[in-house]
Amino acid sequence: MLGGGKALEALALTGDANAIPLNVPMMQYKNCSFSFSGLKTQVVNEAAKIPNFFESKSNLANMAAAFQRSVVRHIMDRLERAILWCKEHQPDIGTLVISGGVAANQYIRKELAVLTKVYNYNLVCPPVHLCTDNGVMIAWAGVENYIVGKGFVEHPEFLKSIPKWSLDPSVTNHFPSELKSSVKFEQQSPTELKLAIQKCREAIDSKQKNIKTKIFKRAIQAALELGRSHDAVTLCEAAILHNPRNEYFTKLCATLKDCTRDK
């Protein structure tokens with residue numbers, strides 16, 4: 001019994017992609033970002049318009065074919081933009097690698113072969129039996145990290161998932177934004193952020209007693225916002241010395257150290 005993408009591909013072979021209108025996602029955005037959420041909503045809405053939709057195999061086949069075509073057109077549009085960008089900014093790149101479960105789809109492979117031929121790119125696809133779901137790869141990476149004791153956060157309650165991660169390369173130059181959410185206060189300018197850190201440091205250097213918790217929190221948040229992760233750790237350690245019974249700073253400090261290790 002087939003499941004997931006393989007079942008969709010097999011069903012699409014007997015369907016008519018023109019029978020059900022599905023738009024290609026994000027065509028109004030001239031970038032390389034992907035999103036399939038709008039397409040999935042279209043599928044739900046179009047299925048609701050057809051009486052007894054799930055009782056007809058032809059309806060299912062048509063929807064599978066229309067969905068597969070829209071997905072592939074979306075991928076082709078984004079990849080073409082990426083290739084054009086590379087040709088202008090990084091012309092030494094000339095190979096496109098497709099991997100993971102999606103690489104097992106023959107329809108996608110055929111379309112990618114055409115795209116890469118047009119732009120004189122090499123297309124590299126692993127054998128189908130190696131094109132497994134990315135979940136397996138993530139799990140394996142987790143096992144390897146667990147064996148060497150690396151990459152684990154002691155207090156995951158301070159971490160927050162990021163459903164939308166920008167493709168902007170400048171994002172990687174900043175401290176992980178999920179940790180920024182652990183301390184929240186009003187938006188401030190870079191100057192105000194630096195002043196928050198300075199105020200906290202002056203209080204520490206003057207050996208002031210009973211420094212308010214919010215002063216430490218604002219200084220730590222400011223360091224994170226400015227991408228100064230190691231300063232955030234130092235401030236957190238100082239907060240622990242002034243507030244040894246405050247578990248918040250103890251847990252946050254452990255999380256910060258885990259995330260800044262090897263950086």
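**Notes on two helix pairs**

1. In this predicted model, α3 and α4 run roughly parallel to each other. The angle between them is about 30°, and since angles under 35 degrees count as roughly parallel, the label follows. Their axes lie 10 Å apart. For orientation, α3 covers residues 57-89 and α4 covers residues 106-118.

2. On handedness, the crossing of α3 past α4 is right-handed.

3. Which residues in α3 and α4 meet? From α3 you have Q68, R69, V72, I75, M76, L79, E80 and I83; facing them from α4 are Y107, I108, E111, L112 and L115.

4. α8 (residues 213-225) and α9 (residues 229-242) pack with their axes 8 Å apart, at an angle of about 165°. That makes α8 and α9 roughly antiparallel to each other, given that the cut-off for this label is over 145 degrees.

5. α8 and α9 cross in a left-handed way. On the α8 side, F216, A219, I220, A223 and L224 make the contact; α9 brings S229, D231, A232, L235, C236, A238, A239 and H242. Sorted by type, the residues where α8 touches α9 come to 10 nonpolar, two polar and one charged.

Methods:
Residues are numbered from 1 along each chain as its sequence is written. This is a predicted model: local features need pLDDT of at least 70, side-chain atom pairs count only at pLDDT 80 or more; totals for chains, interfaces and linings use all residues. Side-chain values use heavy atoms; hydrogens and water are left out. Axes are lines fitted to C-alpha atoms, for helices over the stretch in contact, and angles run from 0 to 180 degrees between N-to-C directions. Helices (H or I, at least four residues) and strands (E, at least two) are DSSP runs, numbered from the N terminus. Angles under 35 degrees count as roughly parallel, over 145 as roughly antiparallel, 65 to 115 as roughly perpendicular and the rest as oblique. A crossing is left-handed if the near helix is turned anticlockwise from the far one by less than a right angle, and right-handed if clockwise. Contact means heavy atoms within 4.5 Å. Ala, Val, Leu, Ile, Met, Phe, Trp, Tyr, Cys and Pro count as nonpolar, Asp, Glu, Lys and Arg as charged, and the others, Gly among them, as polar.
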